[in-house]
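Please look over the sequence and the structure below before reading on.

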Amino acid sequence: AFKHNCVGDLELLLQDAVAGKQRYNKILIIVEGIYSMEGEICNLKDIVRVAKMYGAYVWLDEAHSIGAVGPSGRGVCEELGVDPKDIDIMMGTFTKSFGAAGGYVASDPATVARVRQYAAGCTDAVSMPAAVCVQILASLRVISGEDGTDIGARKLRQLRDNAQFFREGLVALGLEVLGDHPSPVMPVMLYQPYKIGDFSRLAFNRRLAVVVVGAPATPVMLPRVRFCVSAAHSREDLADALSAISDIADELSMKYKLQPPNRFFPGSLEVLEHQERKERVKRMAEAERKRPAALAAAASLAHGRNTARFAPLHSHGTPRGDDLGNLGTTSTDDPYGVTGITTTPQTYDVMLSSQDVLALANDPVMKEACAATIEKLGLGSCSPRGFYGTFPPHVDLEKTIAEFLDVQEAVLYSFGACTISSIIPALTHGSDVAVVDRGVGHGILQGLRLAKMDVRWYNHCDAHDCARVFANLEAEDGVMSARLARPGRRRWLITEGCFLGTGRVAPLPQLVALKEAHHARLILDESCSF
C-alpha cells in the first residue's frame with residue numbers, strides 16, 4: 001500500500017515493481033474517489049499520470065462520489081477533469097446518491113465480460129430486483145436532466161452549496177474538520193476514544209443523527225464524527241445542526257482549533273499531516289531522481305512482460321484455452337456468447353429456471369405490502385445498519401426469523417451471495433480446522449479462502465467418510481476430546497443443507513451426531529433449502 005493520496009510514495013512502489021528484485025506482470029492501483037473516513041478527494045490526475053508512466057491499471061471506487069460531485073454528477077473524473085477512458089475499472093454503489101441498493105462495475109467490454117463470467121456477485125447472486133433498477137434509472141434520468149427538467153442540476157447545486165455552508169460553519173466553530181470541498185462527507189476529529197459514545201448520545205438527545213467512527217476503522221487515538229450533508233437539507237436544518245454541534249463541542253472540549261490538546265496529548269492530526277506534507281516532498285524528489293533508471297529498466301524488460309489484460313485463468317502452468325485472450329475493446333457484444341444475458345424481454349409458457357419455489361415474488365398481497373412500505377420508508381436505507389440504517393421492518397424480520405427457526409437471535413444480510421462467505425471468516429480463526437463436504441458451492445469456498453484455516457475434505461454427502469476425517473483429527477490432536485487438546489484448536493463442520501450443484505440433501509442427523517461426538521461447531525448453509 002502507498003501512503004494516503006501520496007503520488008511520490010506510489011511512484012516509488014511502482015519503480016520497485018517494474019525494476020526491483022521481484023518484477024510484476026500486472027499492477028493495479030486501487031483508489032477511492034472520496035475517502036469516506038477522511039472526506040478527501042482522490043489526487044486522481046497525478047495518480048493517472050504516474051500509472052500511465054509505469055503501465056499500471058487504475059481501479060476507481062466512486063461509492064461516495066458518483067452522483068454527488070461533478071457539474072452533472074458523474075463523479076470525481078468530471079470534477080477533476082480526468083478522462084474516464086484513463087480509468088481501467090470504475091465502480092460505485094447505488095446506496096447513496098441514488099437512494100437504492102446494489103452497485104456497478106464499468107469498464108471495457110472484455111473486462112465486463114470477465115466479471116460476468118467469474119465474479120461471484122454475478123454468477124451466484126440473485127439479480128437486482130426490477131423495482132430497484134427502475135429507481136436507479138429514474139434517478140439517473142433526473143441527475144442527467146434526461147427527464148426534461150432541471151431538478152437534477154438544482155439538486156447538485158444545492159448539495160454543493162450545502163456542503164460549502166456546513167464545512168465553513170464547522171471550521172468557524174473551531175472544530176478540526178477533515179476533507180476537501182465539495183465532498184459531502186465531513187469528518188470532525190474527536191481524538192479521545194471516550195468521546196465516541198458521548199458525542200453520539202448527546203447528538204441523539206438533541207434529535208441529531210450522526211455517525212461516530214473509531215478503531216479499527218480509524219487509528220485508536222484518531223476517532224472522529226462523520227457528517228454527511230444532503231441536497232434535501234435546508235439552510236435552517238444545517239444552521240440548527242451547527243448550533244447543536246457547537247453546544248456538544250463545548251461540553252466535550254472539542255474545539256481544538258481554539259483550544260489545542262494539552263502538552264501530554266500525543267499530537268493532533270494537523271501536526272501529523274504537517275509532518276506528512278514534508279515527507280511527501282522528500283518522496284517526490286526521490287521518485288523523480290530514480291525515475292529515469294526505473295523507466296529504462298522497465299523498457300528493457302518490456303519484451304518479456306505479460307501484456308495481456310488479465311492473468312491466465314489457470315495461474316499455474318500453461319494458459320488453457322479458456323483464458324480470456326484478446327477480445328478487443330470496441331465490440332459491445334458478449335465476447336463469450338454464453339453469459340445467458342438476454343437483451344429483449346421474453347415470455348414463457350412454463351418457467352422452470354426460477355428459484356421462486358413458493359410463487360411469492362408476484363403475489364398480490366406481497367406486492368401490496370411492499371408498495372405500502374415504499375410509500376412510507378422509501379426504497380433504499382442509504383446507510384449501514386449501525387449508521388441509522390435500521391428501520392422497524394429490519395428489527396421485526398430478525399425477531400420473526402429467530403422465532404420461526406426456534407433460535408435465540410438472527411441477523412439480516414442485504415446481499416445473500418456474501419452471507420456464508422463472510423460468516424465463515426467472521427466466526428473462525430486461522431488456527432482452527434474445518435471439515436467440509438466436497439460438494440459445497442462458491443460461497444463456502446470463498447469463505448474458507450478468506451478464513452485461511454486448515455481444511456479437511458470428506459466425500460460428498462458421505463457421513464462415514466466424514467467420521468474418518470474426524471478420527472484422523474483426533475489422532476493428530478493426540479486426545480479423544482478437542483476440548484482437552486494441546487495445543488487446542490477449534491473444529492468446524494461445514495456443509496450445505498441442500499446442495500445447489502447436485503440437488504442432494506446432506507445426511508444431517510449423522511453429521512450432527514459427529515459434531516457432538518467430536519466437539520465441533522456446525523455451520524449449515526440452507527440457501528437452497530430454507
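## A nonpolar patch on the surface

In this report, a nonpolar patch is made of residues with over 30% relative accessible area and no salt bridge, whose nonpolar side chains are joined within 5 Å. In this predicted model, Val357, Leu358, Leu360, Val365 and Met366 form such a patch on the surface, and together they have about 520 Å² of accessible area.

## The protein as a whole

The protein has 16 helices and eleven strands, and of its 530 residues 36% count as buried. Its accessible surface comes to about 30500 Å², of which 56% belongs to carbon and sulfur atoms. Among the contacts with a separation of 6 or more, 66% are accounted for by residues 24 or more positions apart.

## Nonpolar cores

The largest nonpolar core has 64 residues, and those with the most contacts inside it are Leu44, Phe166, Leu170 and Phe199. Helix α9 (residues 235-252) gives the largest share of this core, namely eight residues. A second, separate core of 26 residues includes Ile420, Cys466, Phe499 and Ala520; of these, Cys466 is buried, with a relative accessible area of 0%.

Which residues does Leu44 contact, leaving aside its neighbours within four places in sequence? They are Val31, Leu60, Val76, Cys77, Leu80, Val82 and Ile87.

## Salt bridges

Side chains of opposite charge can pair when their charged atoms come close. The structure holds 21 salt bridges, and in one of them the side chains of Lys52 and Asp86 meet at 3.1 Å, N to O. Lys52 lies in helix α2 (residues 44-54) and Asp86 in the loop between α3 (76-80) and β3 (89-93), so this pair ties together parts that are 34 residues apart in sequence. Lys52 is exposed, with a relative accessible area of 54%, whereas Asp86 counts as partly exposed at 24% relative accessibility.

The side chains of Lys290 and Glu286 also meet in a salt bridge, at 3.0 Å, N to O, and these two residues are separated by about one helical turn because they are four residues apart in helix α10. Lys290 is partly exposed, with a relative accessible area of 35%, and Glu286 is partly exposed as well, at 28%. Elsewhere, salt bridges that share partners join Asp454, Arg456, Glu476 and Arg489 into one network.

Note on methods: Residues numbered from 1 in each chain as written. Predicted model: local features only at pLDDT ≥ 70, side-chain atom pairs only at ≥ 80, totals over all residues. Heavy atoms only, no water. Patch = residues over 30% accessible without salt bridge, like charges linked within 9 Å, V, L, I, M, F, W, Y side chains within 5 Å. Areas by Shrake-Rupley, 256 points an atom, 1.4 Å probe, with all protein chains shown as cover. Salt bridge = Lys/Arg side-chain N within 4 Å of Asp/Glu carboxyl O. Core = buried A, V, L, I, M, F, W, Y, C linked by side-chain atoms within 4.5 Å. Buried < 20%, exposed > 50% of the residue type's maximum accessible area, 1.4 Å probe, protein only. Contact = heavy atoms within 4.5 Å.
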